[in-house]
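I opened my notebook to look up a few things in this structure. The entries follow in the order I made them.

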Amino acid sequence: MTTLLQEDLFRSHGPWGLLVGCALLNLTRRQQVDAVLPGLLSRWPTAEDMAAAGTADVEDVVRPLGLQHRRAWTLRCLSHDWLNRSCPVPTAAEVRHMRGVGQYAEDSYRVFVLGERPRSAEVDDRILRRRLEEVRLSELGGGGRNRGHFTYWDAGEDLYRTLIESTSI
């Protein structure tokens, strides 16, 4: 089972790191973010450090991703908002009101920080939906049919088995 950037960042930098990764993934491929993220988080490993960073310094680091002015502003504002949160682990609704947090970041926060398991249909991002299905299958021991659950993966297995059986000689 592959891990998503959000999972890795949550493990290494906590909820704030997950939100930073989601902010950088907006309009950007993972490979591009992977090239910039280590330098960014080694220079500013916490929300406190990022909030105190100079905008021009952050822009220099995120420049390879494009939209560096907007990204630097977003990361610094997000860090300020994180530092001013009302509780150690805010709700998804509270996180959604932080600057730079959209539906993708909120869904990722719900899944990886709060441990929620929303139905796949409730998640907009296709890669996050696929990861939720993988997690569900692993939690169910490889397939949910035996425990009264039926997933899209079960349907795919049925289709594959039918195709194999119909082409057997």
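Entry one, helix α4. I am working with a predicted model. I first looked up what covers the buried residues of α4, and the list includes α1 (5-25), α2 (30-43), α3 (47-52) and α5 (68-83). Helix α4 itself runs over residues 55-62, and its buried residues are Val58, Glu59, Val61 and Val62. Looking down the axis of α4, I found these buried residues within an arc of 165°, so they line one face of the helix.

Which residues touch the most other members of the largest nonpolar core? I noted Leu19, Leu24, Leu37, Leu40 and Leu75, out of 39 residues in that core. At least two residues of the core come from each of α1, α2, α3, α4, α5, α7 (103-112) and α8 (126-139). Helix α1 supplies the largest share, ten residues. I then picked leucine 37 and set aside its neighbours within four places in sequence; leucine 37 is in contact with Leu5, Leu9, Val20 and Leu24.

How many disulfides does the structure hold? I wrote down zero. A disulfide is a covalent bond between the sulfur atoms of two cysteines.

The space in the largest pocket is about 270 Å³. It is lined by 13 residues, and the closest to its centre are Leu25, Arg30, Tyr104, Asp125 and Ile127. The elements giving two or more residues to this lining are α1, α2 and α8. Helix α1 gives the most, with three residues.

Most residues other than glycine have a negative phi. I looked up two leucines with a positive phi. Leucine 27 has a phi of about 60° although it is not a glycine. I located leucine 27 in the loop between α1 and α2. Is leucine 27 buried or exposed? Its relative accessible area is 72%, which is over 50%, so leucine 27 is exposed. Leucine 67 also has a positive phi, about 55°, and is not a glycine. I located leucine 67 in the loop between α4 and α5. At 44% relative accessibility, leucine 67 went down as partly exposed.

Definitions and conventions:
Residues numbered from 1 in each chain as written. Predicted model: local features only at pLDDT ≥ 70, side-chain atom pairs only at ≥ 80, totals over all residues. Heavy atoms only, no water. Buried < 20%, exposed > 50% of the residue type's maximum accessible area, 1.4 Å probe, protein only. Helix = DSSP H or I, 4+ residues; strand = E, 2+ residues; numbered from the N terminus. Arc of directions from axis to C-beta. Contact = heavy atoms within 4.5 Å. Core = buried A, V, L, I, M, F, W, Y, C linked by side-chain atoms within 4.5 Å. Disulfide = S-S within 2.5 Å. 1 Å grid on protein atoms, 1.4 Å probe; cavity = no way out; pocket = protein on both sides within 12 Å on 5 of 7 lines; lining within 4 Å. Points joined across faces, edges and corners; volume = space filled by probe spheres on them.
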